[in-house]
Amino acid sequence: MEIDVQRRQFINQVWLRFEEVQEWAIQNWPDASRPLSSADFVAARQEILALGTAPRAADRRDAEPAEGGAQYVDVTPAPWP
């Protein structure tokens, strides 16, 4: 439960700081012929909100072979062509 509270507080803090950066970017955008608007930041806001719902990469794990996962996972990168 404490982790959820900390995560929400973190997301709220990120959101507030992002709003400040967004306002600064809109006010200081150098191309007056194509001004920025808050609509230009929709994808970033969605990513911030997703912090509260998406599991982090460290929290995810592949299924073990006994759980139906792969017997072998090749992690060696392919050679250059």
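Guide: A residue is called buried when its relative accessible area is under 20%, exposed when it is over 50%, and partly exposed in between, using a 1.4 Å probe and protein chains only. The model is predicted, so local features need pLDDT of at least 70 and side-chain atom pairs count only at pLDDT 80 or more, whereas totals for chains, interfaces and linings use all residues. Residues are numbered from 1 along each chain as its sequence is written, and side-chain values use heavy atoms, with hydrogens and water left out.

On that scale glutamine 22, with a relative accessibility of 7%, counts as buried. Glutamine 22 belongs to helix H1 (helices, H or I, of at least four residues, and strands, E, of at least two, are DSSP runs numbered from the N terminus). Apart from residues up to four places away in sequence, glutamine 22 touches Ser38, Phe41 and Arg45, where contact means heavy atoms within 4.5 Å.

Phe41 leads on to the aromatic rings. Rings of Phe, Tyr and Trp (its six-membered ring) pair if their centres lie within 6.5 Å, planes under 30 degrees apart being stacked, over 60 edge-to-face and the rest tilted. This rule gives a count of 1 aromatic pair. The ring centres of phenylalanine 18 and phenylalanine 41 are 6.0 Å apart with their planes at 70°, so the pair is edge-to-face. It joins distant parts of the chain, since phenylalanine 18 sits in H1 (residues 2-28) and phenylalanine 41, 23 residues away, in the loop between H1 and helix H2 (42-50). Phenylalanine 18 is buried at a relative accessible area of 15%, and phenylalanine 41, at 15% relative accessibility, is buried too.

Isoleucine 48, in H2, is buried at 8% relative accessibility and, neighbours within four places in sequence aside, is in contact with Ile11, Val14, Trp15 and Phe18.

These contacts form part of the meeting of the helices, in which Ile11, Val14, Trp15, Phe18 and Gln22 of H1 face Ala44, Arg45, Ile48 and Leu49 of H2 through contacts. H1 and H2 pack at about 165° with their axes 10 Å apart (axes are lines fitted to C-alpha atoms, for helices over the stretch in contact, and angles run from 0 to 180 degrees between N-to-C directions). H1 and H2 are therefore roughly antiparallel (over 145 degrees; under 35 is roughly parallel, 65 to 115 roughly perpendicular, and the rest oblique).
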